[in-house]
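Biologist: I am new to this structure. Please show me how to read it, one feature at a time.

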Amino acid sequence: MRQLPQWKLEFTQISAPKFPHLVDQLEFLADAVEDVMEGAYKELPYVAIAQAVFALVYAHKKTGVIPVTLPELGRADDSSVVRAVLIQNEKAFAIYAGKQGVDWRKITSQA
C-alpha cells in the first residue's frame, strides 16, 4: 500500500465522462484504506477493506475486462467493480463517510 499516494494522484487524472462519480469513489476508497492502514479508523470490517483494495488495484491496472484504451467504455468495468464494493459494504462505508464529513450521497452518485 506504499503506492497508494501515487495511485490517488493517478486517479485524479482519470477522464471518464460516462462515469462522472468514478474519481470521487476511487478517492473515497483510497482514503478509507489509507485511514485503516494508518490506524486512524478502525471500524471498517476486514472484508470491506479487502474489497476496497481489490477495487483500487483493479482500477490502477491498465488492462481489465474492458481495456482502458477503448474510447467511452474503457472505465466501465472499473466503475462496476467500484460500485459493487460500495454497494456490498454500504452500511460500513456510510458510517465511515459520516465520521469523515463526506457526503455519502455524493459518493454513491445519488447527490
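Biologist: Let me begin with one residue. Is Glu34 buried or exposed?

Modeller: First, some ground rules. This is a predicted model: local features need pLDDT of at least 70, side-chain atom pairs count only at pLDDT 80 or more, and totals for chains, interfaces and linings use all residues. Residues are numbered from 1 along each chain as its sequence is written, and side-chain values use heavy atoms, with hydrogens and water left out. Now the general idea: buried means under 20% relative accessible area, exposed means over 50%, and partly exposed lies in between (1.4 Å probe, protein chains only). Glu34 has a relative accessible area of 18%, so Glu34 is buried.

Biologist: With which residue does Glu34 form a salt bridge?

Modeller: A salt bridge is a side-chain nitrogen of Lys or Arg within 4 Å of a carboxyl oxygen of Asp or Glu. Glu34 forms one with Lys8, and their closest N and O atoms are 2.8 Å apart. The pair links distant parts of the chain: Glu34 is in helix H2 and Lys8 in helix H1, 26 residues apart.

Biologist: How many salt bridges does the whole structure have?

Modeller: A search finds 6. One of them joins Asp24 to Lys106, with 3.9 Å between the closest N and O atoms. Here Asp24 sits in helix H2 and Lys106 in helix H6 (residues 104–107), 82 residues apart. Asp24 is partly exposed, with a relative accessible area of 24%. Lys106 also counts as partly exposed, at 43%.

Biologist: What does Glu43 pair with?

Modeller: Glu43 forms a salt bridge with Lys99, the closest N and O atoms being 3.4 Å apart. Glu43 lies in the loop between H2 and H3 and Lys99 in helix H5, so this pair ties together parts that are 56 residues apart in sequence. Lys99 is exposed, at 54% relative accessible area. Elsewhere, salt bridges that share partners join Lys8, Asp31 and Glu34 into one network.

Biologist: You keep naming helices. How many helices and strands are there?

Modeller: Both are DSSP runs, numbered from the N terminus: helices are H or I with at least four residues, strands are E with at least two. The protein chain has 6 helices and 0 strands. Its pattern along the sequence is α-α-α-α-α-α.

Biologist: How far does helix H3 reach?

Modeller: The expected span of a helix is 1.5 Å times one less than its number of residues. H3 (residues 46–60) has 15 residues and reaches 21 Å from its first C-alpha to its last, close to the 21 Å expected. Its buried residues are Ala48, Ile49, Ala52, Ala55, Leu56, Tyr58 and Ala59. Their cover includes helix H1 (4–12), H2, helix H4 (76–88) and helix H5 (90–100).

Biologist: Which residues does Val33 contact?

Modeller: Contact means heavy atoms within 4.5 Å. Leaving aside neighbours within four places in sequence, Val33 is in contact with Met1, Leu4, Ile49, Ala52, Val53 and Leu56. Val33 lies in helix H2 (residues 22–37). At 1% relative accessibility, Val33 counts as buried.
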